[in-house]
Amino acid sequence: MTLRNYNIDQLRQMDVAHHLPAQSNYALQRDMGGSRIIVRAEGSTIWDGEGRAMLDGMAGLWCVNVGYGRTELADVAHEQMVQLPFYNTFFRTATPPPIELATKLAGLLGGELQHIFFNSSGSESNDTVFRLVHYYWNLKGQKQRKIFISRHNAYHGSTVAAASLGGMEFMHVQGDLPIPGIEHVIQPYQFGEGFGEDPEAFGIRAANAIEERILALGPERVAAFIGEPIQGAGGVIVPPASYWPRVEAICRKYGILLVSDEVICGFGRLGEWFGFQHFGYTPDIVSMAKGLSSGYLPISATGVSREIVETLRAADEDFVHGFTYSGHPTAAAVALRNIEIIEREGLVERVRDHAGPLLARGLATLADKPLMGEARSVGLLGAVEIVAEKGTNRRVVGGKAAQMVRDACISRGLMVRAVRETIVMSPPLVITDEEVARLISIVGAALDEVADQLGDGTVPARLAEDALPPA
């Protein structure tokens, strides 16, 4: 393979002059002289334009599940592009790859989730959820059911509807959101909102907040509850075991649709194909993206139950929703082969039985680090809470400690992210044992370094990546 050579200095200048990166501080982009330019990748490693190698502890943006450099995904994209690069799914037309992919996904989802609507991003998938749920209740003759319930600090995307479904206040402030008809309740974040409580009791309390809101609004007005199995961008918020069974029971009690946002948790991330399978609940609708194609091409999907689709069919009218690239044949062909790789290499089982437990054991070895408040993980989704005082959840004054740890990790060759005062990680499912050990070693060294800096009272006013994408 011939690698293209780049003029990195020129690219950084062009980046400032013309390129607006996603969810970025553009003043910081300018002042730092442009973005970090990533030029190639292989396995679980990325290289920047200066030739520095970094272990990608984030799998791109929670998505490169099968790792980088999979030539067969490039080959299948080439084959499909030569035969039929694009055709739409409007006007009673379809192409083979999305039909085959929908069939495959229906098998993986199982049960009543037998129908798939395709889009290009997780945000679009959750927009589809929003439109579909409203349409469904209208068809059922319950037009008063308009309200979605979500969680504070949830992330469901960046479109108007998806950002409104999410509970990130800084996104709401910038966009004059949320739009009407969306309510937010407590997240199942025990370290932050139930510190010291019995985990089972806290899980029930967080779930019961949904029922309390339903009763306050009127059950006949509530359409759906939406949640990620584990809130990824919110800081890898792992709910207590009591949470999801109680949430499902509440939804069934009041006849409310249950939506599982699997954009991050799906396709092996938690050691099952989907997060709802890990936690043992049954959703009516599932949104998917990221690991669906391992990020090789943009594609997302919305899994829908038979009962909802039968209601749409009984209406005998168009569902006037969809996008130019819904069911894009090349993206679907790549996603189908990506799933084949995951199955062929047993990556779901590897995460469940080996790599996930290995990461958990490694994080546990950091328990005595001065800044460590809590380490938690499920499969290959992990987090480290940064605190000012061990045994508490009190944060470092100024709220910069996690960003300092993140920067110390990056300087040592590990890409992780900071979410408020939490370090989060989501490496490729193919990460090796040696790479897991290196990840743990670097996080430990970064914690030590920052503890020393904070001991000197060194808290930078501005850091290299203050503006970070929540997704």
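Here are some worked exercises on the structure above.

This is a predicted model, so local features need pLDDT of at least 70 and side-chain atom pairs count only at pLDDT 80 or more, while totals for chains, interfaces and linings use all residues. Residues are numbered from 1 along each chain as its sequence is written, and side-chain values use heavy atoms, with hydrogens and water left out.

**Exercise 1. Aromatic pairs**

Work out how the rings of Y136 and W137 are arranged, and state whether Y136 is buried or exposed.

Solution. 
- Start with the rule: rings of Phe, Tyr and Trp (its six-membered ring) pair if their centres lie within 6.5 Å; planes under 30 degrees apart are stacked, over 60 edge-to-face, and the rest tilted.
- The structure holds 14 aromatic pairs.
- For Y136 and W137, the ring centres are 4.9 Å apart and the planes stand at 65 degrees, so this pair is edge-to-face.
- Now for accessibility: buried means under 20% relative accessible area, exposed over 50%, and partly exposed in between (1.4 Å probe, protein chains only).
- Y136 has 4% relative accessibility and so counts as buried; W137 is buried too, with a relative accessible area of 5%.
- Y243 and W244 also make an edge-to-face pair, with 5.4 Å from centre to centre and 80 degrees between the planes.
- Y243 is buried at 0% relative accessibility, and W244 is buried at 1%.

**Exercise 2. Charges over rings**

Which ring does the charged end of R145 sit over?

Solution. 
- The test asks for NZ of Lys or CZ of Arg within 6 Å of the ring centre and within 35 degrees of the ring normal.
- R145 has its charged end over the ring of W137, 4.6 Å from the ring centre.
- R40 does likewise with W47, where the distance to the ring centre is 3.9 Å.

**Exercise 3. A sheet and its edges**

Find the strand order of the open sheet of 4 strands, and say which strands stand at the edges.

Solution. 
- Helices (H or I, at least four residues) and strands (E, at least two) are DSSP runs, numbered from the N terminus. Two strands pair if DSSP finds at least two bridges between them.
- Read across the open sheet and you get 1-2-3-13, with mixed pairing.
- Strand 1 (38–42) and strand 13 (414–415) are at the edges; each has a single partner strand, so one side of each lacks a neighbour in the sheet.
- Further in, strand 2 (residues 45–48) and strand 3 (residues 53–56) run antiparallel and are joined by 3 bridges.
- T45 stands opposite L55 in strand 3.

**Exercise 4. Helix 6**

Compare the span of helix 6 with the expected value, then check how many of its residues are buried.

Solution. 
- The expected span is 1.5 Å times one less than the number of residues.
- Helix 6 (residues 122–139) has 18 residues and reaches 25 Å from its first C-alpha to its last, close to the 26 Å expected.
- Of those 18 residues, 15 are buried, so the helix is mostly covered.
- G141 follows helix 6 and has a positive phi, near 75 degrees.

**Exercise 5. Cysteines**

Solution. 
- A disulfide is a pair of cysteine sulfur atoms within 2.5 Å, and the count by this rule is 0.
- The closest cysteine sulfur to that of C63 is in C265, 14 Å away, which is too far for a bond.
- C63 is buried at 14% relative accessible area, and C265 is buried at 0%.
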